[in-house]
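Hello,

Here is the structure you asked about, and my notes follow below it. Have a look at the model first, then read on.

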Amino acid sequence: MKVIIEPPWSADEHDRALDRLAARENFPVAARLLPARHRAGLRAVYGFARLVDDIGDEAPPEQRAKLLGLVDDDLDRVFAGRTPNLPQLRRLAGTVHARRLPQEPFRDLVRANRQDQVVHRYETFADVAGYCALSAAPVGRIVLHLFRAHRPALAAASDDVCTALQLIEHCQDAGEDYRSGRIYLPGEDLRRFGCAEEDLARAVTPTRLRGVLALEAGRAAELLDRGAAPLLAELTGWARFAVAGYVAGGRAALAGLARGRYDVLARPPRPRRAELVARWARAAGRGKAR
């Protein structure tokens, strides 16, 4: 994917491009059943997150720091009430001001991508979780603010859910990440199971590496359940509906990993849509779906 700072397409074409990217996620980014105001806000936030991630992953390496600097400069403009230069930030500005979103979570997403340029390995699970605190947890906090549901207890629960979702992606994309020069699986766990880094380059996932992936997936499942319980118990209305979709997507993705016996290198397993929808309905309805 080529990073394009100034898209040469219309707003409608930009939305369709975002929708195509969102369809590849494990969870529904901005469900069509949501009211237009909520969908617009979620899409603006997703557009920002995709821009930052694409710069950090796809831009020429020698340009990434400069481009992330342009994003930071535009965040300065957004939160100072001035017009930003980048189209994704111009779209975001309206949502930021209408919903009174804080700037720190957006800054953290940029920091995560700056970290990706210099940190390519993580020794412990705590180290990986620390990275997720920058790369994933801020998105959940933004979502709570979008729905005006942000409270400290719910923010902590949201952090658990978002960390879980990021860990699941680390499992699914372990081969792709390795080809990009990064490993998000903890080094101490790889050694404990007798894995070499080169195992991530194989065509079929070795049994020892599947053990590491099962361990990380288990940790993700625990975090997902721990965070989902208070969120689904306390959120109401559209906030509950949206968050139930994220939780259901994570659980369906975990089921896909287990169903594929953690062979993420041959064919990264993804959640089945019908399973996601069924889990979503149960989570939104009772708050206790598994």
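This is a predicted model: local features need pLDDT of at least 70, side-chain atom pairs count only at pLDDT 80 or more; totals for chains, interfaces and linings use all residues.

Cysteine 132 is in none, and the nearest cysteine sulfur, that of cysteine 162, is 9.8 Å away. Cysteine 132 counts as buried because its relative accessibility is 0%; buried means under 20% relative accessible area, with a 1.4 Å probe and protein chains only. Cysteine 195 is buried as well, at 11%.

Now for the nonpolar core (buried Ala, Val, Leu, Ile, Met, Phe, Trp, Tyr and Cys residues joined through side-chain atoms within 4.5 Å). The largest one has 80 residues, and Phe48, Leu185 and Leu209 touch the most other members. Helix 12 (residues 237-259) gives the largest share, 12 residues; helices here are DSSP runs of H or I, at least four residues, numbered from the N terminus. Both domain 1 (11-102) and domain 2 (119-278) contribute residues, so this core lies between them. The domain bounds come from an automatic or database assignment.

Leucine 185 has contacts (heavy atoms within 4.5 Å) with residues including Tyr122, Leu200, Leu209 and Glu216, leaving out residues up to four places away in sequence.

A few notes on reading these values: residues are numbered from 1 along each chain as its sequence is written, and side-chain values use heavy atoms, without hydrogens or water. Local features need pLDDT of at least 70 and side-chain atom pairs count only at pLDDT 80 or more, while totals for chains, interfaces and linings use all residues.

Best wishes

Technical notes: A disulfide is a pair of cysteine sulfur atoms within 2.5 Å. Buried means under 20% relative accessible area, exposed over 50%, partly exposed in between (1.4 Å probe, protein chains only). Helices (H or I, at least four residues) and strands (E, at least two) are DSSP runs, numbered from the N terminus.
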